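User: I am new to reading protein models and would like to go through this one step by step. Could you show it to me and then take my questions in turn?

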Amino acid sequence: MNGRYDQFTDLAFEQPAPHVLRVILNRPGRMNAVNAQLHRQLHEIWPVIDRDPDVRVVILTGAGRAFCAGGDMGDIAAEAETDSEQVFVSNFRAARELVDVLINFSKPVVSAINGPAVGAGLALALLSDISIAARDAKLLDGHLRIGLTAGDHAAIIWPLLCGMAKAKLHLMTNRPLTGEDAANCNLISMAVDKSELEATALEVAQELAAVAPTALAMTKHVLNHWLREKRAIFELSAAFEMVNMAGGDAREAIRAMNAGSSPIFRPRTHHI
């Protein structure tokens with residue numbers, strides 16, 4: 001590996017085959033939860049890889065037993081207590097940047113979902129071009145559990161992948177899916193035994209690396225235009241998520257989660 005990736009301290013890198021770069025979310029002690037630093041690195045890494053002539057395909061996975069547990073709850077709890085326009089603007093920009101950079105990254109990404117993928121982690125997994133999960137991996141959007149609108153990625157891509165009926169069922173109830181469940185409803189590309197995950201992801205990556213790279217990049221660009229056309233839906237979901245951050249429902253949901261109790265929400269007195 002050359003030194004171009006040394007600055008990304010919360011990510012690890014391997015080259016398991018020619019023209020294939022494995023990017024590993026590398027906070028295993030926190031189940032690879034996304035704090036501000038990792039979020040920034042996940043935004044900045046993709047243009048660097050795009051400029052690397054030796055890389056044609058990326059495999060994205062997590063260190064340890066998780067793919068990514070979502071946003072770091074310490075950060076989320078602190079932001080929920082901060083009624084700040086600056087926090088709103090910063091988080092809204094960050095959410096847009098992460099989704100946009102993944103949609104516009106020109107090289108194919110294969111996600112190897114080795115364990116729990118939640119919230120922002122699930123966004124990384126599902127916005128990859130080919131998503132492969134261990135059969136027993138747990139996939140969960142998780143936003144409504146902490147009083148937030150299903151922002152990040154869900155509104156833009158779940159209905160396209162698994163249909164509106166399944167999207168509403170799982171996003172609104174927050175029912176988790178196993179990797180096998182997700183494959184069966186077309187939320188992901190395929191599910192395999194955990195012992196086969198790494199080899200299967202590498203096999204698919206090598207298959208992609210052998211394809212004419214310019215035509216492959218153009219094909220990805222065209223297919224991702226389905227997502228670009230739905231940008232207004234994504235932006236509304238992300239904006240609602242940021243509004244919820246400053247609301248009482250989010251504070252109560254996070255309090256109850258930390259206390260191991262059921263949340264008690266105030267009656268609604270108005271409608272959207």
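**Packing, strands and helices**

Analyst: In this predicted model, tyrosine 5 touches Phe13, Leu21, Ile45, Val48, Ile49, Asp52 and Val55, with residues up to four places away in sequence left out of the list.

User: How many residues are in the largest nonpolar core, in which Tyr5 is one of those that touch the most other members?
Analyst: Tyr5 belongs to a group that touches the most other members of this core, together with Leu11, Trp46, Ile49, Phe67, Ile113 and Trp158. Apart from it lies another core, of five residues, among them Ile146, Leu148, Ala250 and Ile254. The number of residues in the largest nonpolar core is 76.

User: Is strand S4 largely enclosed or open, given how many of its residues are buried?
Analyst: Strand S4 covers residues 109-113, and to count as buried a residue must have under 20% relative accessible area. Because five of the five residues are buried, S4 is largely enclosed by the rest of the structure.

User: Which residue is the bridge partner of leucine 60 in S4?
Analyst: Strand S3, residues 57-62, pairs with S4 in the parallel sense over three bridges. S4 is also joined to strand S6, residues 130-134, by four bridges, and these two strands run parallel, with valine 110 standing opposite isoleucine 130 in S6. For leucine 60, the bridge partner in S4 is serine 111.

User: Which strands stand at the edges of the open sheet formed by three strands?
Analyst: The order in this open sheet is S5-S7-S8, and its pairing is mixed. S5 and strand S7, residues 138-140, run parallel and are joined by two bridges, and within S7 leucine 140 is the bridge partner of valine 118. Each edge strand has a single partner strand, so one side of each is left without a neighbour in the sheet; the edge strands are S5 (117-118) and S8 (177-178).

User: What distance separates the end C-alpha atoms of helix H8?
Analyst: Helix H8 runs over residues 194-209, and its buried residues are Leu197, Thr200, Ala201, Leu202, Val204, Ala205, Leu208 and Ala209. At 1.5 Å a residue, its 16 residues should span 22 Å, which agrees with the distance found between the end C-alpha atoms, 23 Å.

User: Which residue follows helix H12?
Analyst: Helix H12, residues 248-259, has twelve residues and reaches 16 Å from its first C-alpha to its last, close to the 16 Å expected at 1.5 Å a residue. Its buried residues are Ala250, Glu252, Ala253, Ile254 and Ala256, and Ala250 and Ile254 are also among the members of the five-residue core. The residue that follows H12 has a positive phi, near 70°, and is glycine 260.

User: What is the radius of gyration of the chain?
Analyst: The secondary structure of the chain comes to twelve helices and nine strands. For its 272 residues the globule rule gives 19 Å, and the value for the chain is close to that, so the chain is as compact as a globular protein of that length, with a radius of gyration of 18 Å.

Terms used. Residues numbered from 1 in each chain as written. Predicted model: local features only at pLDDT ≥ 70, side-chain atom pairs only at ≥ 80, totals over all residues. Heavy atoms only, no water. Expected span 1.5 Å × (residues − 1). Buried < 20%, exposed > 50% of the residue type's maximum accessible area, 1.4 Å probe, protein only. Pairing = 2+ DSSP bridges. Rg over C-alpha atoms; globule rule 2.2 N^0.38 Å. Core = buried A, V, L, I, M, F, W, Y, C linked by side-chain atoms within 4.5 Å. Contact = heavy atoms within 4.5 Å.
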